[in-house]
Amino acid sequence: MQDNLPELRDIHLPDGVSAFPIANGWWFTLAGIVLLFLLVQFILYLRRYSKARYALKLLQNISQENVVEAAKEMSEILRRICVLKYKEASVLLGADWIDFLNQKSKTPINGKTAELLINAPYIPKESSTYSINNLEDLRSFCQKWIGENL
C-alpha cells in the first residue's frame with residue numbers, strides 16, 4: 001500500500017464561470033431586439049412619409065381648369081390634414097383659418113391667395129374673380145405647408 005501514495009495528487013477546483021464571452025444565444029437575442037427596434041422605427045418613418053406623399057399626390061392631381069373648384073379641393077386637403085393632426089383647427093373659418101395656417105408655416109399666405117382660400121366654398125364655379133396665378137400661389141403654399149406639417 002505504500003506504493004500507491006506517490007500517485008495521489010491534490011484536488012484542483014475548476015475556474016470560476018466568466019460572464020464573457022457571452023454565449024451565442026444572448027448575441028442572437030440582442031440582435032433580435034435591435035432589429036425589432038429598427039423595424040418599428042422604419043415602419044413609423046414610412047407611415048409619416050406616406051401621409052405626406054399621399055397628400056402631395058392629391059394636391060398634384062387637382063385640375064387647374066376651374067380655379068374655384070381647385071381651391072375648394074386644396075382647402076379640403078388642408079382640412080383633412082388638420083383633422084388628423086390639429087383637431088382644434090378643424091372648426092376654424094375665415095381669418096382664423098388663415099391665421100392658423102400661417103402659424104404652422106414658415107412662409108405665410110396673404111392677399112388674393114388667402115382670400116381665394118377663404119372664399120372658395122362660397123364663390124360660384126363660373127366666377128372669374130381669381131386668376132390662375134392665385135391658384136398656383138395657393139398650390140405652392142399647400143405643398144410647403146404639407147411638407148412642414150406632415
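Trainee: How many Å should the 37 residues of helix H1 span, and how far apart are its end C-alpha atoms?

Mentor: The general idea is that the expected span of a helix is 1.5 Å times one less than its number of residues. In this structure, which is a predicted model, helix H1 covers residues 24-60, and its 37 residues should therefore span 54 Å; the C-alpha atoms at its ends lie 52 Å apart, which agrees with that expectation.

Trainee: What span should the 19 residues of H2 have, and how far apart are its end C-alpha atoms?

Mentor: The reasoning carries over: at 1.5 Å a residue, the 19 residues of H2 should span 27 Å, and the end C-alpha atoms are 27 Å apart, so the two values agree.

Trainee: What radius of gyration does the chain have, and what would a compact globule of 150 residues have?

Mentor: A compact globule of 150 residues would come out near 15 Å, whereas the chain has a radius of gyration of 33 Å. The box filled by the C-alpha atoms, taken along the principal axes, is roughly 125 × 25 × 20 Å. Buried residues account for 25% of the 150 residues, and the chain exposes about 11200 Å², with carbon and sulfur atoms supplying 59% of that area.

Trainee: Of the contacts between residues at least 6 apart in sequence, what percentage join residues at least 24 apart?

Mentor: The figure is 60% for this chain. As for charge, the chain carries 17 positive and 16 negative side chains, and the centres of the two sets are 8 Å apart.

Trainee: Which residues of H2 are buried, then?

Mentor: In H2 the buried residues are Val67, Val68, Ala70, Ala71, Met74, Ser75, Ile77, Leu78, Ile81 and Cys82. These buried residues pack against H1, helix H3 (94-103), helix H4 (111-119) and H5.

Trainee: Is serine 75 buried or exposed?

Mentor: The rule is that a residue with under 20% relative accessible area is called buried. Serine 75, with its 8%, is therefore buried; its place is in helix H2, residues 67-85, and, leaving aside neighbours within four places in sequence, serine 75 is in contact with Trp97 and Leu117.

Trainee: What is the relative accessible area of valine 83?

Mentor: Valine 83, which is also found in helix H2, has a relative accessible area of 45% and for that reason counts as partly exposed.

Trainee: Which residues is isoleucine 146 in contact with, leaving aside its neighbours within four places in sequence?

Mentor: Isoleucine 146 is found in helix H5 and is buried, since its relative accessible area is 1%. With those neighbours left aside, isoleucine 146 is in contact with Ala52, Ala55, Leu56, Leu59, Ile77 and Ile81. Isoleucine 146 and tyrosine 130, by comparison, are 16 residues apart in sequence and 23 Å apart in space, C-alpha to C-alpha.

Trainee: Where is the place of asparagine 149?

Mentor: Asparagine 149 also lies in helix H5, and its relative accessible area of 3% is why it counts as buried. Not counting residues up to four places away in sequence, asparagine 149 touches Lys85, Tyr86 and Lys104.

Trainee: Where is proline 108 found?

Mentor: Proline 108 sits in the loop between H3 and H4, and at 53% relative accessibility proline 108 counts as exposed. Even so, proline 108 touches Asn102 and Phe141, not counting residues up to four places away in sequence. From proline 108 to arginine 48 the distance is 24 Å, C-alpha to C-alpha, and the two are 60 residues apart in sequence.

Methods. Residues numbered from 1 in each chain as written. Predicted model: local features only at pLDDT ≥ 70, side-chain atom pairs only at ≥ 80, totals over all residues. Heavy atoms only, no water. Rg over C-alpha atoms; globule rule 2.2 N^0.38 Å. Buried < 20%, exposed > 50% of the residue type's maximum accessible area, 1.4 Å probe, protein only. Contact = heavy atoms within 4.5 Å. Areas by Shrake-Rupley, 256 points an atom, 1.4 Å probe, with all protein chains shown as cover. Lys, Arg positive; Asp, Glu negative; His and termini not counted. Charge placed at Lys NZ, Arg CZ, Asp CG, Glu CD. Helix = DSSP H or I, 4+ residues; strand = E, 2+ residues; numbered from the N terminus.
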